[in-house]
Amino acid sequence: MIEILKRELVYLWYYAELQFRQIIVYWALGMMIGSFISVFAKDGIHRMFVRMKNTKWGISGIVPACLLGIASPLCMYGTIPVAASFRRQGMREDWLAAFMMASILLNPQLIIYSAALGTKALVVRIISCFICGIAAGLAVHLFYADRDFFDFSGFEERSGRDTDPNLFVRYVKNLGRNLRATGGYFFAGIVFSALFQRYVPGHVMTDLFGGSQAWGVLMAATVGVPLYACGGGTIPLLQEWLEMGMSMGSAAAFMITGPATKITNLGALKIVMGIRLFAVYIAFIMLYSLMSGILINLII
């Protein structure tokens with residue numbers, strides 16, 4: 001019994017160490033670049049968004065708003081006070097919707113993480129998340145053109161934690177917070193992926209998430225709701241699942257519903273949307289992830 005346990009631990013260590021070596025560079029780069037943008041470029045990104053309100057772009061402003069949301073390094077609890085500030089300065093509701101939706105789904109750090117999944121998966125993630133932000137902005141424009149969609153009452157923009165006068169110290173502190181926020185999830189993802197690789201037969205993942213069937217996409221979208229806790233932590237799992245037969249459309253659905261329904265994001269959104277619009281948001285995410293996953297499977 002002891003020998004069997006030792007053998008299994010050796011196998012698990014081998015799989016975990018192999019996955020760690022494959023992903024650690026992307027994780028480290030993601031943290032360093034994410035912290036750099038947070039310390040040195042975040043305010044510039046937000047100033048660019050504020051300046052947009054003086055343009056005559058109209059509905060087409062949804063596109064740059066979505067791109068700036070992707071470029072923003074803030075989490076949702078950081079984005080909402082900033083969005084509240086934008087609203088007070090006269091920002092359009094549809095632009096805010098695109099900015100916030102894109103900010104939920106993607107950020108520079110997560111883009112670097114996702115490069116570990118391969119070029120195809122990275123491109124799919126960026127395009128599907130970008131289009132989701134556009135779709136959110138268009139939906140708000142069509143159905144809430146003359147009404148407020150968000151309720152930011154009571155939200156004030158919080159003073160940043162990156163206030164040390166020494167820029168290098170400020171960057172190191174931000175990097176340390178980044179490490180504490182993502183490190184545990186990253187290593188947990190490594191452990192879970194090793195367990196999957198050792199004990200879950202490849203055909204199981206193919207049966208659940210493979211092929212071009214809508215059922216596999218729906219399953220992946222549904223699994224993304226409870227399982228997603230941190231972008232860095234899901235990358236090892238997604239890498240392993242793709243190798244075991246998960247279709248690209250199913251992966252895309254998971255990468256959309258995961259961050260969009262992460263418990264911390266849901267808690268923040270419920271505050272600014274109310275019960276009815278919150279339910280609409282959940283339905284929108286599930287429908288979009290299902291449709292985009294099916295379409296991606298048909299194309300790829």
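This is a predicted model: local features need pLDDT of at least 70, side-chain atom pairs count only at pLDDT 80 or more; totals for chains, interfaces and linings use all residues.
Helix α1, which spans residues 2-51, packs against helix α7, residues 167-199, with the two axes 7 Å apart and at an angle of about 150°. Because angles over 145 degrees count as roughly antiparallel, α1 is described as roughly antiparallel to α7. The crossing of these two helices is right-handed. As for the residues that make up the contact of α1 with α7, 23 are nonpolar, 10 are polar and three are charged.

In one of them, the ring centres of Phe49 and Phe86 are 4.7 Å apart and the planes stand at 90°, so the pair is edge-to-face. Phe49 belongs to helix α1 and Phe86 to helix α3 (residues 76-88), so this pair ties together parts that lie 37 residues apart in sequence. Phe49 is buried, with a relative accessible area of 0%, and Phe86 is buried too, at 3%.

Phe86 also pairs with Phe99: here the ring centres are 5.7 Å apart and the planes are at 80°, so this pair is likewise edge-to-face. Distant parts of the chain are linked once again, with Phe86 in helix α3 and Phe99 in helix α4 (residues 93-105), 13 residues apart. Phe99 is buried, its relative accessible area being 1%.

Two further arrangements round out the picture. Phe20, Trp27, Phe186 and Phe187 come together in one aromatic cluster. Arg198, in turn, lies over the face of Tyr11, 3.9 Å from the centre of the ring.

Conventions: Residues are numbered from 1 along each chain as its sequence is written. Side-chain values use heavy atoms; hydrogens and water are left out. Axes are lines fitted to C-alpha atoms, for helices over the stretch in contact, and angles run from 0 to 180 degrees between N-to-C directions. Helices (H or I, at least four residues) and strands (E, at least two) are DSSP runs, numbered from the N terminus. Angles under 35 degrees count as roughly parallel, over 145 as roughly antiparallel, 65 to 115 as roughly perpendicular and the rest as oblique. A crossing is left-handed if the near helix is turned anticlockwise from the far one by less than a right angle, and right-handed if clockwise. Ala, Val, Leu, Ile, Met, Phe, Trp, Tyr, Cys and Pro count as nonpolar, Asp, Glu, Lys and Arg as charged, and the others, Gly among them, as polar. Rings of Phe, Tyr and Trp (its six-membered ring) pair if their centres lie within 6.5 Å; planes under 30 degrees apart count as stacked, over 60 as edge-to-face and the rest as tilted. Buried means under 20% relative accessible area, exposed over 50%, partly exposed in between (1.4 Å probe, protein chains only). A charge sits over a ring if NZ of Lys or CZ of Arg is within 6 Å of the ring centre and within 35 degrees of the ring normal.
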